[in-house]
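Please keep the sequence and the model in view while reading.

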Amino acid sequence: MNKWVYSFGDGAAEGTAGMRNLLGGKGANLAEMSNIGVPVPPGFTITTEVCTHFTKTGGTYPDELNDQLEAALEKIGRATGRAFGDMKKPLLVSVRSGARVSMPGMMDTVLNLGLNDETVGALAEDAGDERFAYDSYRRFIQMYGDVVMGLEHHDFEAILEGFKDEKNLDLDTDLSAADWQVIIERYKALVSDKLGRPFPQDPRDQLWGAIGAVFGSWMNARAITYRRLHQIPESWGTAVNVQGMVFGNMGDTSATGVAFTRNPSTGENKLYGEFLVNAQGEDVVAGIRTPQAITEEARMESSAPEKPSLETALPEAFKEFQAICTRLENHYREMQDVEFTIERGKLWMLQTRSGKRTAKAALKIAVDLVEEGLIQPEEAVNRVDPASLDQLLHPTIDPSAERNVFATGLPASPGAASGEVVFSSDEAERLAGQGKAVILVRVETSPEDIHGMHASQGILTTRGGMTSHAAVVARGMGKPCVSGAGAIRVDYQAGTFTAAGKTLKAGDVVTIDGANGQVLVGSVPMLKPELSGDFAQLMEWADKVRRMKVRTNAETPADARAAREFGAEGIGLCRTEHMFFDTDRIGAVREMIVADTEAGRRTALDKLLPMQRGDFIELFEIMAGLPVTIRLLDPPLHEFLPKTEEEIAEVAEAIGVSPTKLKRRLDMLTEFNPMLGHRGCRLAVSYPEIAEMQARAIFEAAVESAKRTGSPVRPEIMVPLVGLKAELDIVKERIDAVAKTVSEESGTDISYDVGTMVELPRACLTADKIAETAHFFSFGTNDLTQTTFGISRDDAASFLPTYQQQNIFEVDPFVSIDVEGVGALMKIGVERGRQTRPDIKLGICGEHGGDPASVKFCETVGLDYVSCSPFRVPIARLAAAQAAVAAGKD
Ligand code: PEP
Ligand code: MG
């Protein structure tokens, strides 16, 4: 026979904390508290398996459930000296949902269940308080009517308010027992009127109704949405907890409250919570009465210091409560969030769970728990959500600030920034030069906007997804960015932008919040990032346990330096094209592209060589012997081309042709689908002189920095967008020839590696062949995602949200690796690459390299390193550590 019901209370339980999957979080913890002797009102948990049965069969229960439930009710009865359904000594219960993880959206709680027209009298006699009994009964009808019978909460409220008006009463506390009796009759009439059936009087009908409502709510729309957003499988189900009632509203020695065992915003080791005297559960959270502080210390700092703390109001119960909090913390070795009730001086614990906290508090608590000897450093590493570190590395909006939301886009790059709106990169640079803070607002950005993005505090675009140019570059720069705010219409001509009927103009101040994608009107108070000692300590522990290295994607000295400060162990991707947009070189770049002869191209390349060499020398020196992977020119050339008449005239003059001839050449270079066009290694195949110039710059820089620093540099040259071994062979041959020449010229041996980006499905499938030539692979998962799905990474924002709403994608595949598809290709790439070259170096440099879930996947396929933008380096370090711990446990 299957066991569907688990009892707890009275110093023992059938379940344990380890049975979370079966009993839900609340049920498992109630069992555990009973087991360790914490006073818990006796009760039982109906398992999540019953929920699964209920959902699958369209609302029926397993055969044995009724008998098991009756036996469990009897047990509660024995412990309390009462009986469920008894008219003289009625047992009243609470019914609460409790899934494996806490899940808003489902039916939450019904209190006082078991009350009816008769038992209410017994309760009155028992408590010696009629008013209390009738108040409890009307609360029950209201709660049950609302959450179980589906009536509107406000209909009940209207009855109550109407009655108060009739009688000229202000507060609920002004109502007498007789008043409540009138309300109860009106409530019952409301139920019959609306539903055509009376309010259930049989406690068993009430109980089964509540149980059915909890299980039914697992499949309600709100719960389904919540599960989708938090990736909770439907198959988990919820448990139901039925527990003997204890009353916090039995007079002035009764109370109810909630508390955290440590401060959830700062992490300070101080009890933090609120309670109300003579109140029941929902009163504390409902915000009708001002709750009181638990400790004296907190009372003095509170906004209502005239109200006594629990410490002085009920000192005995407080002492016991404090001791229990310590005991729970020591037992769970974690900060707890607890609920309690004091019934006539006797303390009961109703719930404990690990408490939600800010990133700052999570760090402090994890580090403190190690110092207190409660957990090991490795566990501390696991206790902090890597993504939450973002909150600590960037300025954030003061949580107490008011938000005047103008529009919402994608949270493309974290942090918040305020500034004057500018619509062009040149203007951004000009105003920044005058010391102004600006926010660059563009429909989308292109590589030509790099200088404007650099000059701005933050970037807002109305088109483009999480891997659009704006998003990727902003993350790299560590600047806040909101992308794809599709509701905004930008009018460059008028210098305005509009959303939902409201228009802002250039010079108006806005704030963007890269943490949630909001665009706010005006400036808003910010909190500064704080890289405290706890942060450094946790990262040190993380570094000890992780296996994968963490590199950075960086090309500017500023980014490379920032990344090193964040702990990067080399550069995994230097996108050389970003170096081509500087105002002093874009002219030469354009000259090279539009030249229609090799000689013309070489003349332009000669101008670029010393500049590129200078770039690389600086990067090598900053990285001081750490590996540096430099990628040859990758993007479609149209990104560099002159567009305005003015630019065309300039370039025409530089290369000595007429603007008309130049325009003809530009037309020839136009592509329908540039991302799948003449880019990547295809450029190096058709214009090998470009790759040769870059290789020469890299080798000469390596020789020069070795000379300057005295330590050798071993560059890694990366060829992008390879799909065929033959492509790589052709390019590598050129690189090798340049290496030989530079070696002869300088009289130095040059050691280097040539490898490839793996960013096309064909490269994964033929990795064994490509590895014959490649010394390393770096998975370019931005393009690999784009080419695997056939979804343009720059245009996906227009339909991705719909896809997510309809559950087609659980998460944006450009943010977190699509393990099933893209991941499978990566696995093939890894296996086949290693077949040919067992010691092949394997990394990832797509945006996924800084996404914790993707980092975890990289650990499982055995990559050697991940590479991500500088500000995500700490996140990747922590995620890699957690992945290593998880892999060790498997
Ligand atoms: C990639 O495709 O994953 C990659 C890192 O290259 P890029 O984003 O520059 O195309
Ligand atoms: Mg790519």
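## Ligand 1 and its polar contacts

In this predicted model, a polar side-chain atom of arginine 793 lies 2.7 Å from an oxygen atom of ligand 1, which falls under the definition of a polar contact as a pair of N or O atoms within 3.5 Å (within protein, one atom must be able to donate a hydrogen and the other to accept it, and residues adjacent in sequence count only if both atoms are side-chain atoms). The backbone takes part as well: a polar backbone atom of asparagine 782 is 2.7 Å from an oxygen atom of ligand 1, and a backbone N or O atom of glycine 780 is 3.2 Å from an oxygen atom of the ligand. On its own, ligand 1 has 290 Å² of accessible area, of which the protein covers 95%; such areas come from the Shrake-Rupley method with a 1.4 Å probe, and for residues only the protein chains shown count as cover.

The shell around ligand 1 holds 14 residues, the closest being Arg575, Arg631, Gly780, Asn782 and Arg793, where a residue is near a molecule or strand if one of its heavy atoms lies within 4 Å of it. By class, the shell divides into 7 charged, 4 polar and 3 nonpolar residues; Asp, Glu, Lys and Arg count as charged, Ala, Val, Leu, Ile, Met, Phe, Trp, Tyr, Cys and Pro as nonpolar, and the others, Gly among them, as polar. Strand S26 (571-575) and helix H31 (781-789) each supply at least two of the shell residues, and H31 gives the most, with 3. Helices (H or I, at least four residues) and strands (E, at least two) are DSSP runs numbered from the N terminus.

Glutamate 759 lies in the loop between strand S29 (753-758) and helix H29 (761-765), whereas aspartate 783 is in helix H31, so the pair ties together parts that are 24 residues apart in sequence.

## Cysteines

A search of the whole structure finds 0 disulfides, a disulfide being a pair of cysteine sulfur atoms within 2.5 Å. For cysteine 681, the closest cysteine sulfur is that of cysteine 764, at 14 Å, which is too far for a bond. Cysteine 681 is buried, with a relative accessible area of 0%, and cysteine 325 is also buried, at 3%.

## Backbone and overall chain

Asparagine 112, in strand S5 (residues 109-113), has a positive phi of about 65° although it is not a glycine, and this residue is buried, with a relative accessible area of 1%. Alanine 500 also has a positive phi, near 45°, but lies in the loop between strand S20 (496-499) and strand S21 (502-505) and is exposed, at 82%.

The chain has 890 residues, of which 55% count as buried, and contains 35 helices and 32 strands. Its C-alpha atoms fill a box of roughly 105 × 60 × 55 Å along the principal axes.

## Basis of the values

Residues are numbered from 1 along each chain as its sequence is written, while chains are lettered from A and ligands numbered from 1 in the order in which they are written. Local features need pLDDT of at least 70 and side-chain atom pairs count only at pLDDT 80 or more, whereas totals for chains, interfaces and linings use all residues, and side-chain values use heavy atoms, with hydrogens and water left out.

Notes
Buried < 20%, exposed > 50% of the residue type's maximum accessible area, 1.4 Å probe, protein only.
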